[in-house]
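Work through the exercises below with the coordinates open. Try each task before reading its solution.

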Amino acid sequence: MTFLEEMEEMESAEDFLLYFGLEYDATVVHVNRLHILQRFHDYLSQAGASMPEDEDAQREIYKKLLQRAYSDFVQSDAQTEKVFKVFKMMEPQTVFVSLGDIKT
């Protein structure tokens, strides 16, 4: 089985962390599993074009990016990290209303 085929078989954040041999706090993962996986996905998307073809090199990059995604939520929380759109929607919005649009 290739490295990418092995990755497709994984279903949970714990699966990925165990596969890469990363130590983790189960409480952090329990509370933030979807956020960690989404952040991991985002980091992989950013690295996409520069990903090496060698599977061992890919595996090492994936491991580092997963560690980084997990660490983001050890140091912070989901509301602060704003991984999902729902958290970004609550940010203050700047709206311009011209005087002509104001009716008395």
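The model is predicted: local features need pLDDT of at least 70, side-chain atom pairs count only at pLDDT 80 or more, and totals for chains, interfaces and linings use all residues. Residues are numbered from 1 along each chain as its sequence is written, and side-chain values use heavy atoms, with hydrogens and water left out.

**Exercise 1. Describe the fold of the chain.**

Step 1. Count the elements. The protein chain has six helices and zero strands. Helices (H or I, at least four residues) and strands (E, at least two) are DSSP runs, numbered from the N terminus.

Step 2. Write their order. From the N terminus, it reads α-α-α-α-α-α.

Step 3. Check burial. Of the 104 residues in the protein chain, 29% are buried. Buried means under 20% relative accessible area, exposed over 50%, and partly exposed in between, with a 1.4 Å probe and protein chains only.

Step 4. Check contact range. Take the contacts (heavy atoms within 4.5 Å) with a separation of 6 or more: 60% of them join residues 24 or more positions apart.

**Exercise 2. Classify the packing of H3 and H4.**

Step 1. Get the geometry. Helix H3 spans residues 26-47. Helix H4 covers residues 55-75, and its axis lies 8 Å from that of H3, at an angle of about 135°. Axes are lines fitted to C-alpha atoms, for helices over the stretch in contact, and angles run from 0 to 180 degrees between N-to-C directions.

Step 2. Apply the classes. Under 35 degrees is roughly parallel, over 145 roughly antiparallel, 65 to 115 roughly perpendicular, and the rest oblique. H3 and H4 are therefore oblique to each other.

Step 3. List the interface. Residues of H3 that meet H4 include Ile36, Arg39 and Tyr43, and among those on the H4 side are Leu66, Asp72 and Phe73. By class, this contact has 14 nonpolar, two polar and three charged residues. Ala, Val, Leu, Ile, Met, Phe, Trp, Tyr, Cys and Pro count as nonpolar, Asp, Glu, Lys and Arg as charged, and the others, Gly among them, as polar.

**Exercise 3. Is Ile36 buried or exposed, and what does it touch?**

Step 1. Ile36 belongs to H3. At 0% relative accessibility, Ile36 is buried.

Step 2. Leave out residues up to four places away in sequence. Ile36 then touches Val28, Val29, Leu66, Ala69, Tyr70 and Phe73.

Step 3. Take one distance. Ile36 and Phe73 are 37 residues apart along the chain, with C-alpha atoms separated by 7.2 Å.

**Exercise 4. Which residues does Lys63 touch?**

Step 1. Lys63 is in H4. Its relative accessible area is 28%, so Lys63 is partly exposed.

Step 2. Again skip residues up to four places away in sequence. Lys63 touches Phe20 and Leu22.

Step 3. The C-alpha atoms of Lys63 and Leu22 are 8.1 Å apart, across 41 residues of sequence.
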